[in-house]
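Please prepare a short briefing on the helix packing, sheet architecture and backbone geometry of the model shown below.

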Amino acid sequence: MDLIFLYGPPGVGKSTVGRLLAAALNLPFYDSDAEIIVQAGQEIPAIFAQEGEAGFRARETAVVTQLLTQPAGVVALGGGALLNEVLRAQVEAAGPVLCLHAPLPVLQERLGAAHTAGAERPLLAANLGEKLPQLLAQRAAHYASFTHQLAASAAPAAVAWQAQISLGRFLARGMGTGYDVLTQPGGLAQLGALLRARNLHGPIALVSDAQVAHFWLQTAVASLQAAGYAVHPVIIPPGEAHKTIATVSQLWEAFLAAGLERRSTVVALGGGVVGDLAGFAAATFLRGVNWVGAPTTLLAMVDASLGGKTGADLPQGKNLIGAFYPPRLVLADTNTLATLPPAERRSGLAEVVKHGVIGDPALFDLCAQGETAVAQNWPQLVSRAMAVKLAIIAADPYEQGQRAALNLGHTIGHAVELASGYRLRHGEAVAIGMVAEAKLAEQTGVAEKGVAQQITAVLRTLNLPTQIPSELDRQAIIRAVGVDKKRHAGQVQFALPARIGKVVTGVHVPDWQEMIRA
């Protein structure tokens, strides 16, 4: 696990944001200035007075070099620490550097308040109003040279959350101690090291389907074996039609044959079907063994792999059996999206749009730019979509209230998917369900007028369907909705969009069947 470094000009909030980020990721926090004070036995102004800036920089370099020996953590660096090019190279080799920035008036206000409280900055002493603009001008090109830039004008907690999105690194909370969620291009090649860092044990059952295994099984196996694990690949047929208890039984048999023990680990390499089945099999084998999700589809990365839901389908409906059983790690290697068929990528984009509707209007607007725009930066798109779901499941891990917002498009979508005999992809069915449920929201007064058209337009831009295919049996869809697991007191409960960025849950809609018949 890498170190994470926060850098930027004085007053930008590196220490405050760093503490919050470290707490969010359950990592230790280190402040280079604080370490210098401890080792020197005096405050920084006194060091400057006695040793000058050169003496301070020598101490700073020594302290940061020591911090580089830490295995993991968040490090707040002094505002000039990386002017030393040798030290900068060492820091950038140790982990990502987030360079925070804020407008001059914000920095002046924060530094003025700090000065009033007695925390004087030696390089800005005596004349903050004149010296701060000069320092920023001198270092402007230096600060701009860092790849990861992060606006830091907002409240520190919001900046720390944006830092997680920028890094593609979260700690999913709400179930037990939580688990790491990483968006990491090329991450499959590090899979073994990531498992070792979390003290996960073998032998490992590596579950995948035939299509994914063709492209990515060798990379995963090589990484695990390089880390010293005994690996037993378990290949299942692809597709929702095989998401059955019979397949789960086959996995149990394979786990027995592989010699899995209570401390062993199951790795799910594939899309949502593989993750759901492998996670459920892990939850129920030997009363629960550790498992790790390595989603390879966009749909699984932004939705199915998060939240600890595992399970299988019954002939009457999707996901009617299962368990809440969180993984120990979710690793989304976005390089795997290169081998995903375009239709599958579009299917995943339906869930990205859904997350934009639920809680991120800017993400929704990005999707409105079309497939070419969203494909320009898969890691950030995936990370941003993940963030919406992770925030919700942290507040409601077992779907007692707020988490039901994630069902947007799924109540009707699941039924459409089932009625199609799974010829429609999951995301395609969810797209249809979102539009239908948005229309219900407008008809019942839950939604602002025009919301259904907004959603329809974005989905069409992404070449996703927005209407129930004429050949599907409408009564079959109605029956499937009627046995949906989201019923309460015998009534179907809908999650309906009020506007882009807000969803209302637990809505009973009289005569919802008419929407499907129309």
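The crossing of α18 and α19 is left-handed, a term applied if the near helix is turned anticlockwise from the far one by less than a right angle, with right-handed used if clockwise. This is a predicted model, in which local features need pLDDT of at least 70 and side-chain atom pairs count only at pLDDT 80 or more, while totals for chains, interfaces and linings use all residues. Residues are numbered from 1 along each chain as its sequence is written, and side-chain values use heavy atoms, with hydrogens and water left out. Helices (H or I, at least four residues) and strands (E, at least two) are DSSP runs, numbered from the N terminus.

**Helix pair α18 and α19**

- Helix α18 spans residues 426-443 and helix α19 residues 451-461; they pack at an angle of about 165°, and their axes are 8 Å apart. Axes are lines fitted to C-alpha atoms, for helices over the stretch in contact, and angles run from 0 to 180 degrees between N-to-C directions.
- The two helices α18 and α19 are therefore roughly antiparallel to each other; angles over 145 degrees count as such, those under 35 as roughly parallel, 65 to 115 as roughly perpendicular and the rest as oblique.
- On α18 the contact is made by Ala431, Met434, Val435, Ala438, Lys439 and Glu442, and on α19 by Val451, Ala452, Gln453, Ile455, Thr456 and Leu459. Contact means heavy atoms within 4.5 Å.
- By class, the contact of α18 with α19 has 8 nonpolar, 2 polar and 2 charged residues. Ala, Val, Leu, Ile, Met, Phe, Trp, Tyr, Cys and Pro count as nonpolar, Asp, Glu, Lys and Arg as charged, and the others, Gly among them, as polar.

**The sheet**

- An open sheet of 7 strands has the order β6-β7-β14-β11-β10-β8-β9, with mixed pairing; two strands pair if DSSP finds at least two bridges between them.
- Strands β6 (169-172) and β9 (231-236) stand at the edges, each with a single partner strand, so one side of each is left without a neighbour in the sheet.
- From one strand to the next, the twist averages 15°.
- Strand β10 (residues 265-270) pairs with β11 in the parallel sense over 6 bridges, and valine 267 has valine 292 in β11 as its bridge partner.
- In strand β11 (residues 290-295), 5 of the 6 residues are buried, so the strand is largely enclosed by the rest of the structure. Buried means under 20% relative accessible area, exposed over 50% and partly exposed in between (1.4 Å probe, protein chains only).
- Strands β7 (residues 179-183) and β14 (residues 329-332) pair in the parallel sense over 4 bridges, with leucine 182 opposite leucine 331 in β14.

**Helices on the sheet**

- Helix α9 (residues 210-226) lies across β8 (204-209), β9 and β10 and runs at about 160° to β8.
- Helix α11 (residues 272-284) packs on the sheet and touches β8, β9, β10 and β11; its direction makes about 170° with that of β10.
- Threonine 219, placed in helix α9, is partly exposed, with a relative accessible area of 30%.
- Beyond its neighbours within four places in sequence, threonine 219 is in contact with Leu188 and Ala189.

**Backbone geometry in loops**

- Most residues other than glycine have a negative phi, and most peptide bonds are trans.
- Glycine 202 and proline 203 are joined by a cis peptide bond, with omega about -5°; proline 203 is found in the loop between α8 (191-197) and β8.
- Leucine 286, in the loop between α11 and β11, has a positive phi near 50°.
- Asparagine 463 has a positive phi of about 60° and lies in the loop between α19 and α20 (474-482).
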